[in-house]
Amino acid sequence: MAEAAACPAFRLGGSRYDQGSFLGRLRHFVDVIDPSTLFVSEKQLKDSIKLLDDFKCGTLPPGISNLQLWEAQKIKQAIIHPDTGDKIFMPFRMSGYVPFGTPIVIGLLLPNQTVVSTIIWQWLNQSHNACVNYANRNATKPTPTSRFLQGYFGAVTSAVSIAAIAETAFTRVVLPMPIFVLPPIIMSYLERLRFLQKNRKLMLPIHSAVCLLTFGLSLPVAISLFPQMSEIEVSRLEPEIAMATDCKVVTYNKGL
């Protein structure tokens, strides 16, 4: 009841939290990556979309609360691409990034790797990153598939994930830092504990849990560095786009 009372008035396409502050964006993206949305049924998705359509048309049934509308929008945004209106394949949704990406992170951080295993894990990591980036890209303007393939092969060979624009690229640089730094530091401390020295079989499960926790905390922090909806001066756009508007500044979805 307290959460419902504190819930702000619903705004279609808006956020429950202040997107002008890092804390507000962090709370927003914690919602975005909430893995519970992976278990939303097709009926729940259709009901959520209908609820939002009713709100847009002014035909909302009586008794619907702001909290219900925010939850409906959370479900739709987690599953449906904002530009194409298509469903995002589950492993490539932002809500699936941690659950599906954690096994790869664990593989990357396994000790005593061979050259072959390192290549395989790096390939899986860059392939997953490329697919997530593509699935959550800005899709308002069609982009040739060949450009994404070039970016993908470049990412695999250089072990640097695909970038759309500068802010997204910086986010992708920040994201791996704590993932590759913190688990080795934490594990170096835990490995000295007498309990783990006597129970070496627990090392891998504990290592996996540390990776999952670090990955789960790092993702919302990294994608909260910049707002998802950004502004750009029309003068910096391609001529054909600039000619289509009289505005000096436009808003765009930078992707996640």
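Colleague: Where does threonine 214 lie?
Modeller: Threonine 214 is in helix α11. Keep in mind that this is a predicted model.

Colleague: Is threonine 214 buried or exposed?
Modeller: Buried. Its relative accessible area is 7%, and the cut-off for buried is under 20%.

Colleague: Which residues is threonine 214 in contact with, leaving aside neighbours within four places in sequence?
Modeller: Pro178, Ile179, Leu182 and Pro183.

Colleague: What about phenylalanine 215, buried or exposed?
Modeller: Phenylalanine 215 is buried, at 3% relative accessible area. This ring also forms an aromatic pair with tyrosine 97. The pair is edge-to-face, with 5.4 Å centre to centre and 65° between the planes.

Colleague: Which parts of the chain does that pair link?
Modeller: Distant ones. Tyrosine 97 is in helix α5 (residues 97-108) and phenylalanine 215 is in helix α11 (residues 203-223), 118 residues apart. Tyrosine 97 counts as buried too, at 6% relative accessibility.

Colleague: And glycine 101, which helix is that in?
Modeller: Helix α5. Glycine 101 counts as buried, at 3% relative accessibility. Leaving aside neighbours within four places in sequence, its contacts are Gly96, His128 and Phe215.

Colleague: How far apart are the C-alpha atoms of glycine 101 and phenylalanine 215?
Modeller: They are 8.5 Å apart, while the two residues are 114 residues apart along the chain.

Colleague: His128 came up there. Which residues of α6 are buried?
Modeller: His128 is one of them. The others include Ser117, Asn125, Gln126, Asn129 and Val132. Helix α6 covers residues 115-135 and reaches 30 Å from first C-alpha to last, close to the 30 Å expected.

Colleague: Now the core. How many residues does the largest nonpolar core have?
Modeller: It has 15 residues. Met94, Val105, Phe215, Leu219 and Ile223 have the most contacts inside it. Helices α2, α5 and α11 each give two or more residues to this core. There is also a second, separate core of eight residues, including Cys7, Leu51, Leu67 and Leu69.

Colleague: How many residues does α3 have, and what should they span?
Modeller: Helix α3 has 16 residues, so at 1.5 Å a residue it should span 22 Å. The end C-alpha atoms are 22 Å apart, which agrees. Just after α3, glycine 58 takes a positive phi of about 75°.

Colleague: Back to aromatics. How many aromatic pairs are there in the whole structure?
Modeller: Four. One of them is phenylalanine 10 with tryptophan 70, edge-to-face at 4.8 Å centre to centre and 70° between the planes. Phenylalanine 10 sits in the loop between α1 and α2, and tryptophan 70 is in helix α4, 60 residues apart.

Colleague: Phenylalanine 10, buried or exposed?
Modeller: Buried, at 7% relative accessible area. Tryptophan 70 also counts as buried, at 4%. Phe10, Phe55 and Trp70 form one aromatic cluster.

Colleague: Switching to charges. How many salt bridges does a search find?
Modeller: Six in the whole structure. One joins glutamate 71 and arginine 16, at 3.8 Å from N to O. Glutamate 71 is in helix α4 and arginine 16 is in the loop between α1 and α2. Arginine 16 is buried at 17%, whereas glutamate 71 is partly exposed at 32%.

Colleague: Which residue does lysine 74 form a salt bridge with?
Modeller: Aspartate 34, with the closest N and O atoms 2.7 Å apart. Lysine 74 is in helix α4 and aspartate 34 is in the loop between α2 and α3, so the bridge ties together parts 40 residues apart in sequence. Asp31 joins these two in a network of salt bridges.

Colleague: And lysine 43 with aspartate 47, how many residues apart are they?
Modeller: Four, both in helix α3, so about one helical turn separates them. Lysine 43 counts as exposed at 57%, and aspartate 47 is partly exposed at 41%.

Colleague: Last one. How many helices and strands does the chain have?
Modeller: Twelve helices and two strands. Of the chain's 256 residues, 37% count as buried.

Methods: Residues numbered from 1 in each chain as written. Predicted model: local features only at pLDDT ≥ 70, side-chain atom pairs only at ≥ 80, totals over all residues. Heavy atoms only, no water. Expected span 1.5 Å × (residues − 1). Phe/Tyr/Trp six-rings, centres within 6.5 Å; stacked < 30°, edge-to-face > 60°. Buried < 20%, exposed > 50% of the residue type's maximum accessible area, 1.4 Å probe, protein only. Core = buried A, V, L, I, M, F, W, Y, C linked by side-chain atoms within 4.5 Å. Contact = heavy atoms within 4.5 Å. Salt bridge = Lys/Arg side-chain N within 4 Å of Asp/Glu carboxyl O.
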